[in-house]
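Please read the following briefing alongside the sequence and the 3D view. It treats charged side-chain pairs and then a metal site.

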Amino acid sequence: MKQYLAREGLTLVAILATHHHPDHVGGIAELVAMKKVPVFGPKGEPIPELTHPVGQGDKVEIPELRSDATAPVPSFDVLDIPGHTRAHVAYYGLESLFCGDTLFACGCGRVFEGTAQQMLDSLTKLAALPDATRVYCGHEYTLANIKFARAVDPGNSVLAAREEKVAKLRAAGLPSLPSTLGEERATNPFLRCAEPVVIESANKYLGSRIGDPVSVFAAIREWKNRF
Ligand SMILES: [Zn+2]
């Protein structure tokens with residue numbers, strides 16, 4: 001991580017943790033040993049390095065992100081988005097969303113510590129942010145997620161175009177991230193649990209008749225786990 005900062009010419013000014021999983025917080029100790037910076041993270045999760053435990057309604061201010069000393073201090077709203085973990089949080093500010101393992105590009109995280117209802121509520125909360133919001137999720141899973149989304153939502157032409165675009169980026173060794181919330185709302189099956197085509201696919205998978213968004217969400221989440 002130290003080498004990454006040096007190579008990219010970046011200065012560490014703060015750490016925003018979204019949840020307690022080791023692949024998201026395992027490097028914090030090394031970073032704060034190198035430079036003492038504020039470490040924000042969910043107050044309901046065991047992350048020993050946190051200096052600023054936060055939750056819904058809190059604001060994270062990062063003065064170092066100002067373009068000059070007279071500019072307003074950029075701030076991020078903290079959103080509680082439980083489901084993947086018990087107290088997972090997201091940060092929203094500067095038209096950017098840092099959402100860890102809850103919303104992925106064209107997918108979502110697994111429901112480990114919460115319920116399907118909680119996860120769907122959290123995704124719905126994120127989906128209400130403006131279209132132009134840049135989505136910085138925790139993993140580059142986009143292409144695999146799109147392959148699954150195509151099985152759920154086969155007639156979606158925006159999704160087909162997205163597959164082509166992302167395949168080109170990945171073939172060129174480039175990231176598919178950030179995406180935008182507008183793109184996610186149009187193509188991410190987990191944000192489209194009320195769409196007739198997604199309900200139909202969930203029913204085909206289950207071999208039964210369900211229609212409420214939570215059952216649809218739970219069905220396609222389980223389907224994705226086996227895909
Ligand atoms: Zn995780």
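Arg-192 forms a salt bridge with Asp-153, with 3.2 Å between the closest N and O atoms; a salt bridge here is a side-chain nitrogen of Lys or Arg within 4 Å of a carboxyl oxygen of Asp or Glu. This is a predicted model, in which local features need pLDDT of at least 70 and side-chain atom pairs count only at pLDDT 80 or more, while totals for chains, interfaces and linings use all residues. Residues are numbered from 1 along each chain as its sequence is written, and side-chain values use heavy atoms, with hydrogens and water left out.

**The pair Arg-192 and Asp-153**
- The pair links distant parts of the chain, 39 residues apart: Arg-192 is in the loop between helix H7 (181–187) and helix H8 (196–206), and Asp-153 is in the loop between helix H5 (142–152) and helix H6 (157–171).
- Helices (H or I, at least four residues) and strands (E, at least two) are DSSP runs, numbered from the N terminus.
- Arg-192 counts as buried at 15% relative accessibility, and Asp-153 is buried at 2%.
- Buried means under 20% relative accessible area, exposed over 50%, and partly exposed in between (1.4 Å probe, protein chains only).

**Other salt bridges**
- The structure holds 11 salt bridges.
- Lys-165 and Glu-183 form one, their closest N and O atoms being 2.9 Å apart; this pair joins helix H6 to helix H7, across 18 residues.
- Both partners are partly exposed, Lys-165 with a relative accessible area of 44% and Glu-183 with 21%.
- Arg-162, Lys-165, Glu-183 and Glu-184 are linked in a network of salt bridges.
- Arg-226 and Glu-222 also meet in a salt bridge (3.8 Å, N to O), and both lie in helix H9 (residues 213–226), four residues apart, about one turn of the helix.
- Arg-226 is exposed at 63% relative accessible area, whereas Glu-222 is partly exposed at 35%.

**The zinc site**
- His-19 (NE2), His-21 (ND1), His-84 (NE2) and Asp-101 (OD) are the protein donors of the zinc ion, lying 2.2 Å from it.
- Donors are N, O and S atoms within 2.8 Å of the metal (3.2 Å for Na, K and Ca); water is not among the atoms, so sites may look incomplete.
- His-21 is buried, with a relative accessible area of 14%, and His-84 is buried at 4%.
- Along the chain, the donors follow the spacing H-x1-H-x62-H-x16-D.
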